[in-house]
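Notebook open, model loaded. I want to go through the fold, the ligand shells and the tail end of the chain.

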Amino acid sequence: MTFTEHLWKTALPVYEKIQAHPFNQELKTGTLPVETFKFYIYQDSLYLADFARALAVAGTRAGTSEELLAFLQFAQNAILVERALHESYFSEYKIDFSSCKAPGCFAYTNYLLAASAYESYEVAVAALLPCFWIYKKVGDFVYAHQTAPNPYQNWIDAYAGEEFAVAVTKILAIVDRLGEQASESVRNRMTEAYLTSSRLEYIFWDSAYRRESWPV
Ligand SMILES: Cc1ncc(CO)c(N)n1
Ligand SMILES: Cc1ncsc1CCO
């Protein structure tokens, strides 16, 4: 079993909950209320801005210029995706820009920023992997079972698309190499970080579905 196969197996129950979540079920059938999608897309733009920083920081800690380049390209793409969201959805929908990060978004972005800066490179990269892999799996799932026409087609096409698939394949190869070369204790911390980010992916979808706000 490759290291990433081990990671997938470990967090499979979390992934199954994500796929079954009403947010993704309703995204698939196109019945997700537009107000919920608006909430999500704005939170996701806040997420992507910090995710890009975390990718760049993790990249500076890579052992090779090839991996540095890969992470800087991921960071650049995350910024470009965020800008594309701004240009398409934000003009289509009226978005309340005055709202701040909901608790779910806050928890996830701050975890990624902290992991990228303060964990070892291997653990940082493991923490960043679910952002790629879970979105790829959700994108493919929604794409394969979607009801057409679907108001969220652009979103579905972006994550089920070939360009995103290339990035996912690239980070999976990096994590496999790091996992194979790591000690048992580093591998355990990588697995823990991967599981934590997977849980935070669930929390992010659920936060958007509930249009979560701060209770105090
Ligand atoms: C919360 C979240 N995770 C992952 C991705 C994919 O990068 C995204 N856009 N948003
Ligand atoms: C993971 C991810 N999500 C949006 S952009 C990006 C990097 C892909 O290059």
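My burial scale first: a residue is buried if 20 or more other C-beta atoms lie within 10 Å of its own, exposed if 12 or fewer, and partly exposed in between, with C-beta atoms placed from the backbone. This is a predicted model, where local features need pLDDT of at least 70, side-chain atom pairs count only at pLDDT 80 or more, and totals for chains, interfaces and linings use all residues. Residues are numbered from 1 along each chain as its sequence is written, while chains are lettered from A and ligands numbered from 1 in the order in which they are written.

**Entry: the fold**

I looked up the secondary structure and got 10 helices and 0 strands. Helices (H or I, at least four residues) and strands (E, at least two) are DSSP runs, numbered from the N terminus. I then checked the radius of gyration, taken over C-alpha atoms, against a globule rule of 2.2 Å times the number of residues to the power 0.38. For 216 residues a compact globule would have a value near 17 Å, and the protein agrees because it has 17 Å. The C-alpha trace spans about 50 × 35 × 35 Å along its principal axes. Buried residues are 35% of the 216.

For contacts I use C-beta atoms, placed from the backbone, within 7 Å. Of the contacts with a separation of 6 or more, 80% are between residues 24 or more positions apart.

The UniProt record (unreviewed entry) puts "domain: Thiaminase-2/PQQC" at residues 11-210. Its positions are in the numbering used here, feature names are shortened, and annotations may be inferred rather than shown by experiment. I get 84% helix and 0% strand over residues 11-210, with the end C-alpha atoms 23 Å apart.

**Entry: the two ligands**

Which residues surround ligand 1? I count a residue as near if its C-beta atom, placed from the backbone, lies within 6 Å of the molecule. I find Asp44, Tyr47, Leu48, Cys131, Tyr135, Glu201 and Phe204. Helix H4 (34-60), H7 and H10 each give two or more of these residues, and H4 gives the most, with 3. I sort residues as nonpolar (Ala, Val, Leu, Ile, Met, Phe, Trp, Tyr, Cys and Pro), charged (Asp, Glu, Lys and Arg) or polar (the others, Gly among them). That makes the ligand 1 shell 5 nonpolar, no polar and 2 charged.

Around ligand 2 I list Phe74, Asn77, Ala78, Val81, Cys131, Phe132 and Ala167. The largest share, 4 residues, comes from H5. This shell has 6 nonpolar residues, 1 polar and no charged. Cys131 turned up in both lists.

**Entry: H10 and what follows**

Helix H10 (residues 184-209) has 26 residues and reaches 38 Å from first C-alpha to last, close to the expected 38 Å; the expected span is 1.5 Å times one less than the number of residues. Its buried residues include Arg187, Glu201, Phe204 and Trp205.

His21 sits in the loop between helix H2 (12-20) and helix H3 (22-29). Leaving aside neighbours within four places in sequence, I see His21 in contact with Trp205, Asp206 and Tyr209. His21 is partly exposed because it has 17 C-beta neighbours inside 10 Å.

Just after H10, Arg211 takes a positive phi of about 45°. Not counting residues up to four places away in sequence, Glu212 touches Ala102, Pro103, Gly104 and Ser207.

Notes. Two residues are in contact if their C-beta atoms, placed from the backbone, lie within 7 Å.
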